[in-house]
Structures are given as C-alpha cells and as structure tokens.
Amino acid sequence: MILSGPSLRKRDAHSSIHEAALNEALELRELFQRCLEDNETEKALQVIEVAIEHWESRTLKHAEAEEEGLYKDIVDENPDMISTVIQLTRDHDLMRRIVETLKNRLQSQQPDQRMVTLLDSLVIIDEIHNADEMNKLLNH
C-alpha cells in the first residue's frame, strides 16, 4: 500500500507509513537471521527474497512517490529546503544501492551473515531518514 499526494504531507499519516514498513522490515530481518542460525538455507533464501521485495515495493516505492511529488512541491514552496531534500534523496539512493547489492548476493544462492548486515544497514538508514523527514521537512 502506497500513500501519496495529501497523505504524504500529513505528518501523522506519513509517519505511520514509515513505521509500518520499518516494523515489517525488522520482522523479516529477524526471521532471516533465525533461518541462518538454524541452517535453513532454502527458507532463508525465500525470506531474503521477500525482504528484497518488501524494500522495493514498500520503502523504495514510497521514496519514489516522495521524490516525484512531495519533495518537488516543498522545494517549489520553499527553495531554502533544497539541501534537506538533497540529503533525503541521497538516503533513498543509498537504500536503492543496498537493495541492489542484496539482489546481486542472492544470485549466489548462499544466504549469509553479510545479508543480515545489509538489512541492518537499510534499517539504520531508514530510521535516520524517517526522523530527518519528520523533523526537518514536515515540520515546515
């Protein structure tokens, strides 16, 4: 579910979008870690595929909607916000690159701890990004 348009401008609605997607990502990360610990390679591969799909369909689609609408509108209304928008867009770019790295690693069919580290990186970037978006962008 992707909310765009007015929902992106409403702080509470926007925050709930972020929170729901992040909670799902954390659950998938934990499940993947358990599969690795239990040496369940096939299940781990399935979980990492779902995690990648989650990041692409939830967080990165949401990011795309922000970049195409919300961020442009905010800069049009307040050109001083350009550096904040650039920073937030860079966060999206980093997340896209990490997801691509995960997809490339998945091709080996060997799930490993490095994938957990990449998932953790996504979560950390997303948490910082979400806080910055709420505090720097949607406070105006």
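This briefing covers the fold, helix geometry, salt bridges and selected residues of one protein. The model is predicted. Its secondary structure comes to five helices and zero strands. Read along the sequence, the pattern is α-α-α-α-α.

**Overall shape and packing**

- The C-alpha trace spans about 55 × 25 × 20 Å along its principal axes.
- The radius of gyration is 16 Å; a compact globule with 140 residues would have one near 14 Å, which agrees.
- Of the 140 residues, 42% count as buried.
- Take the contacts with a separation of 6 or more: residues 24 or more positions apart account for 77% of them.

**Helix α3**

- Helix α3 covers residues 41–77, which makes 37 residues.
- At 1.5 Å a residue, helix α3 should span 54 Å. Its end C-alpha atoms are 51 Å apart, so the two values agree.
- K43 is found in α3. With 37% relative accessibility, K43 counts as partly exposed.
- K43 is in contact with L31 and C35, leaving aside its neighbours within four places in sequence.
- K43 and I82 are 39 residues apart along the chain, and their C-alpha atoms are separated by 44 Å.

**Salt bridges**

- The count comes to eight salt bridges.
- E56 and K103 form one of the salt bridges, with the closest N and O atoms 2.7 Å apart. E56 lies in helix α3 and K103 in helix α4 (residues 82–106), so the pair ties together parts that are 47 residues apart in sequence.
- Both partners count as partly exposed: E56 has a relative accessible area of 25%, and K103 has 29% relative accessibility.
- R96 and D93 also meet in a salt bridge, at 2.9 Å from N to O. Both lie in helix α4, three residues apart, about one turn of the helix.
- An α-helix has 3.6 residues a turn, so residues three or four places apart point the same way.
- R96 is partly exposed, with a relative accessible area of 27%. D93 counts as partly exposed too, at 32% relative accessibility.
- R105 pairs with D112 in a salt bridge, the closest N and O atoms being 2.5 Å apart.
- R105 is partly exposed, with a relative accessible area of 28%. D112 counts as partly exposed at 23% relative accessibility.
- Salt bridges that share partners join R29, E30 and D120 into one network.

- D126 is found in helix α5, which runs over residues 113–137.
- A salt bridge needs a nitrogen to oxygen distance within 4 Å.
- D126 touches L22, W55, T59 and M95, not counting residues up to four places away in sequence.

**T84 and the end of the chain**

- T84 lies in helix α4. Its relative accessible area is 12%, so T84 is buried, since buried means under 20%.
- T84 is in contact with K136 and L137, leaving aside its neighbours within four places in sequence.
- L138 is found in the segment after α5. At 12% relative accessibility, L138 counts as buried.
- L138 and D93 are 45 residues apart along the chain. Their C-alpha atoms are separated by 20 Å.

Notes:
Residues numbered from 1 in each chain as written. Predicted model: local features only at pLDDT ≥ 70, side-chain atom pairs only at ≥ 80, totals over all residues. Heavy atoms only, no water. Helix = DSSP H or I, 4+ residues; strand = E, 2+ residues; numbered from the N terminus. Expected span 1.5 Å × (residues − 1). Contact = heavy atoms within 4.5 Å. Rg over C-alpha atoms; globule rule 2.2 N^0.38 Å. Buried < 20%, exposed > 50% of the residue type's maximum accessible area, 1.4 Å probe, protein only. Salt bridge = Lys/Arg side-chain N within 4 Å of Asp/Glu carboxyl O.
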